[in-house]
Amino acid sequence: MKTIKLKFLMLMSTLGMASATTSQAYGYDFTDDAFCYNIISEIDRTVAIVDYCPISGKGHLTIYPNTIYESKSYSVTTIGDRAFYLCKALTSVDIPNSVTTIGDYAFGYCN
């Protein structure tokens with residue numbers, strides 16, 4: 001009986017770790033043509049860019065201060081950890097004044 005319980009707990013632990021990894025690696029609330037966003041606050045209507053979803057992925061990039069999702073306007077206030085990590089094709093980025101936080105390695109290994 002103890003063996004069954006132990007195997008069950010190990011399975012549940014593994015599943016929990018896998019879903020947390022998947023959520024962290026691929027999780028986002030919505031996307032547009034260029035970015036993946038997580039909603040920080042519905043009350044303040046703020047979002048974080050958590051990943052770059054490029055069509056071409058080259059050259060100059062402009063982050064706009066606002067984005068629309070489900071007919072609501074959200075202010076872009078954060079560039080999340082590793083949001084542009086390894087985007088070697090980027091040559092420059094315009095960041096609006098609305099962005100007050102840039103996460104760890106947000107532009108890590110970019111040219």
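What share of the 111 residues in the protein do buried residues make up? In this predicted model, in which residues are numbered from 1 along each chain as its sequence is written, local features need pLDDT of at least 70 and side-chain atom pairs count only at pLDDT 80 or more, while totals for chains, interfaces and linings use all residues. Side-chain values use heavy atoms, with hydrogens and water left out.

Buried residues (under 20% relative accessible area, with exposed over 50% and partly exposed in between; 1.4 Å probe, protein chains only) account for 28% of the 111 residues. The accessible surface of the protein (Shrake-Rupley method, 1.4 Å probe; for residues, only the protein chains shown count as cover) is about 7,700 Å², and carbon and sulfur atoms contribute 57% of that surface.

The protein contains one helix and eight strands, taken as DSSP runs numbered from the N terminus (helices H or I, at least four residues; strands E, at least two). Their order from the N terminus is α-β-β-β-β-β-β-β-β. Of the contacts (heavy atoms within 4.5 Å) between residues at least 6 apart in sequence, 45% link residues at least 24 apart.

Thr-67 lies in strand E5 (residues 66–69). Thr-67 counts as buried because its relative accessibility is 7%. Leaving aside residues up to four places away in sequence, Thr-67 touches Phe-30, Asp-32, Tyr-37, Val-47, Lys-72, Ser-73, Tyr-74 and Val-76.
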